[in-house]
Amino acid sequence: MVTWLLSGDKPRSAILAALLIVILVCLAGAPFLFPGVRSLETAATICIFIVLAASYDLLLGYSGIVSFAHTMFFGLGAYGVALGTTHLGRSFGALATGTLAGALAAAALAFLIGLFSLRVRAIFFAMITLAVASAVAVLVSQLSNITGGEDGLSYRIPRVLTPAFRPFDEEVLGIRFTGKIINYYLVFFSCFALFLVMLRVVNSPFGRVLQAIRENDFRAEAIGYRVVRYRTTATCLSAAVAALAGAIYAIWLRYVGPDTTLSFEIMLDILLMVVIGGMGTMYGAVIGATIFVLAQNYLQNLMGAASEATHSLPLIPELLSADRWLMWLGVLFILSVYFFPTGVVGRLRAGR
Amino acid sequence: MSDPILTLKNVHTDIAQYHILHGVDLEVPRGQVTMLLGRNGVGKTTTLRTVIGHWQARAGSVFFDGQDITALPTPARARAGIGFVPEDMGIFTDLTVEENMVLAASSAPLDPARLDWIFAAFPPLKTFWDSEAGNLSGGQKQMLSIARAMAEERKLYLIDEPTKGLAPAIVSTMARALKDLKNQGASILLVEQNFSVAKALGDSVAVMDDGKVIWTGAMAELAGSAELQDTLMGLSMEAH
């Protein structure tokens, strides 16, 4: 059953398997294991970024395609939900329509970009995606009457998914059960299902051809595979999944804006998640996204505590000051790339 | 005699600014092994790559199985029935031997009987079936490279220096497998520097020099004349 769910792609490392189980259990039980708004926000962000990073891994790790337009697709999904629910009203139908429209728009745009630019060399494709993503970001910020511009859009989602909805008067397992928790489980199960779908895709014959193309595109062509067609399909699929992740994020946040979905910073975050976790492994996205989001959210607190604990020592409290958390995050990434060039998953699998 | 499986007519190919093939005329008969011989750098590999479409011919025509394929992209040529084994093997090192073979049978699932035949020719492939191809030895990688071309029945096999850099024991395994392929009636265009292998396998020969085919004839004729070998290739191939 587990093998079937994982499409035969087992972790192939006891430590990795243990890590994945811990992450899965923590995310599945997050509302009860770590009660509190902030931890629930962190858990939902981890779920969404796992899918986003996994969809990017399909491109970068499995197909060898470097794209800088991934946040654009993420944003398309998010804006799809925002516009859908703004114009069609507060209903699940509006959410579904917005999600579907966002995913289709992302796939269509990816198809166009792929068709025109996947024939050229990888570096040109990367540049083209960068240009299109920048253009879309500018467009979104300028079309403020539709997109809300730099302020973004806030909208109402069905009440059953909001903190105002309280199905039980009593506490459940020690916490007050609200619509936010239902919303969290919508995020969790959607992301879990999407991740399993991605795992299935990369382990299908289609995924194997992508890997073959990544390694030697001419050989794949000489066997009879149309490389551009496969690359374009992978780009569309990856864009659609990124848009779905964006839609889930929009449902969770009840807000979209250029900073939360379209910024280049998020693009760099995804890239780092995939590289740190391990490219071409899918599980790397899980590990990378979890480490990254946890570091983003808790490194500052951890450093503040460390700074206080060492207040009697010279210099060290200054270095560990909570204000310097970004610098230490950078140091952490440099070290992890240096010591795990094949990513955490690559390293764990090699050490089996 | 039936029409040739492959015909090149006055083919010119450029690689970047270099004019490599200067009007190649070549016929590969059906059901025979045609050896493409010549010194290094005369255009043998470029000829094979022009046939599979890696390099497009700037002028001239390539006919395969009666069809003009000069303008076709590489995947279409492969699907038309041309199998290609490049000099650098080009196996997919991140995939397992099995995955390499499954991918190679691009039009249908692997035929078990054909797989048994491949295992008989190259026993190590069965042993390392689940291993990543990148972990194979050089000889085993070459076996996989040829086995991949054999995964499906092809109308024509283009094979570029299959014994290059291999240990003598592996060369004989390779030669046996190619002989087996030949005995099944396959049409093969083979570039081979090892003359004893070439002699054992070849039915006909095309010798290239300076981007052209300068001599064609029967293998027996070339093998029987050291003088001809000297004239055509500037060295006696018996030395190999």
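In this predicted model, 4 strands of chain B form an open sheet in the order E2-E1-E4-E5, with antiparallel pairing. Strand E2 (18-28) and strand E5 (67-68) of chain B stand at its edges; each has a single partner strand, so one side of each is left without a neighbour in the sheet. Chain B also holds an open sheet of 6 strands with mixed pairing, while the secondary structure of chain A comes to 18 helices and 2 strands. The contact between the chains takes 17 residues from chain B and 14 residues from chain A.

- Strand E4 (residues 57-64) of chain B is joined to E5(B) by 2 bridges, and the two strands run antiparallel.
- Phe63(B) has Asp68(B) as its bridge partner in E5(B).
- Strand E1 (residues 6-15) of chain B contains Asn10(B), a residue other than glycine whose phi is positive, near 45°.
- Most residues other than glycine have a negative phi.
- Asn10(B) counts as partly exposed because it has 14 C-beta neighbours inside 10 Å, a count between the limits of 12 or fewer for exposed and 20 or more for buried.

**The sheet of 6 strands in chain B**

- The strand order of this open sheet is E6-E7-E8-E3-E9-E10.
- Its edge strands are strand E6 (82-85) and strand E10 (212-218) of chain B, each of which pairs on one side only.
- On average, and with direction ignored, neighbouring strands of this sheet are turned by 15° against each other.
- Strand E9 (residues 204-209) of chain B and E10(B) run antiparallel and are joined by 6 bridges.
- Helix H6 (residues 138-150) of chain B lies across E6 and strand E7 (156-160) of chain B, and runs at about 175° to E6(B).

**The contact between chain A and chain B**

- The contact draws on 14 residues of chain A and 17 residues of chain B.
- On the side of chain B that touches chain A, helix H2 (74-80) and helix H3 (97-104) of chain B each supply at least two residues.
- H2(B) provides the largest share of that side, 4 residues.
- By class, the side of chain B that touches chain A has 8 nonpolar, 6 polar and 3 charged residues.

**Overall form of chain A**

- The radius of gyration of chain A is 21 Å, which agrees with the value near 20 Å that a compact globule of 352 residues would have.
- Along the principal axes, the C-alpha atoms of chain A fill a box of roughly 65 × 55 × 45 Å.
- Of the 352 residues of chain A, 45% count as buried.
- Among contacts in chain A with a separation of 6 or more, 72% are between residues 24 or more positions apart.

**Helix H14 of chain A**

- Helix H14 (residues 264-277) of chain A has 14 residues and should span 20 Å at 1.5 Å a residue; its end C-alpha atoms are 20 Å apart, which agrees.
- The buried residues of H14(A) are Met267(A), Asp269(A), Ile270(A), Met273(A), Val274(A), Val275(A), Ile276(A) and Gly277(A).
- These buried residues pack against five helices of chain A: helix H4 (37-63), helix H5 (70-88), helix H15 (283-309), helix H17 (325-339) and helix H18 (343-350).

**Individual residues of chain A**

- Cys191(A) lies in helix H9 (residues 179-202) of chain A and counts as buried because it has 24 C-beta neighbours inside 10 Å, where the limit is 20 or more.
- Beyond its neighbours within four places in sequence, Cys191(A) is in contact with Cys47(A), Ile48(A), Ile50(A), Val51(A) and Ile248(A).
- Cys191(A) and Val51(A) are 140 residues apart along the chain, yet their C-alpha atoms are separated by 6.1 Å.
- Arg12(A) is placed in the loop between helix H1 (2-5) and helix H2 (14-28) of chain A.
- The phi of Arg12(A) is near 60°, a positive value in a residue other than glycine.
- Arg12(A) counts as partly exposed, because it has 13 C-beta neighbours inside 10 Å.

Conventions:
Residues numbered from 1 in each chain as written. Chains lettered and ligands numbered in written order. Predicted model: local features only at pLDDT ≥ 70, side-chain atom pairs only at ≥ 80, totals over all residues. Expected span 1.5 Å × (residues − 1). Contact = placed C-beta atoms within 7 Å. Nonpolar A, V, L, I, M, F, W, Y, C, P; charged D, E, K, R; others polar. Rg over C-alpha atoms; globule rule 2.2 N^0.38 Å. Pairing = 2+ DSSP bridges. Axes fitted to C-alpha atoms, helices over the stretch in contact; angles between N-to-C directions.
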